[in-house]
Amino acid sequence: MKKALKQLINSLDKIFETDEEVGDTAVREAMYDAVHKSYIAPARGYALPDEFGMFSPEGDKKVRAALAKFLAHPEVIAAGKDLKTPKQRLDAFQDSEVESNEGNCYDEYFGHADAP
């Protein structure tokens, strides 16, 4: 899970270079909601949205692609099966030991949740 999480944060850092709004509260909440409904507490029939509150359709596509790649990562799929509770999956996602190459953690783009 650590490798997948690092790749996701690195991808979001790269998006931030051209689309700074990826760090805005509304975008962060939309991204967290997507991870929550796709991985932490999977909602039956949920599909990633096309929009995350970015300023352009291209920005939304970048965010969607980064999240889709993360959710399809073999480590994430395995963790989704091995970790039995939403709390365990949330804790794995909110791993503060995982930093991007720029030194950012999950909370830079997703905030922090105390409970799923």
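Predicted model: local features only at pLDDT ≥ 70, side-chain atom pairs only at ≥ 80, totals over all residues.
I started with the elements and found 6 helices and 0 strands in the protein. Helices (H or I, at least four residues) and strands (E, at least two) are DSSP runs, numbered from the N terminus. Read from the N terminus on, the order is α-α-α-α-α-α.

Residues are numbered from 1 along each chain as its sequence is written, and side-chain values use heavy atoms, with hydrogens and water left out.

Next I looked up the overall shape. The C-alpha trace spans about 35 × 35 × 25 Å along its principal axes. I also checked burial: 41% of the 116 residues count as buried, meaning under 20% relative accessible area with a 1.4 Å probe, protein chains only.

Then came contacts, which are heavy atoms within 4.5 Å. Among those between residues at least 6 apart in sequence, 66% join residues at least 24 apart.

I turned to charges and counted 15 positive and 22 negative side chains, with the centres of the two sets 9 Å apart. Lys and Arg count as positive, Asp and Glu as negative, while His and the chain ends are not counted. Each charge is placed at NZ of Lys, CZ of Arg, CG of Asp or CD of Glu.

Is Pro-74 buried or exposed? Pro-74 is exposed, because its relative accessible area is 60% and the cut-off for exposed is over 50%. Val-63 is 11 residues from Pro-74 along the chain, and their C-alpha atoms are separated by 19 Å.
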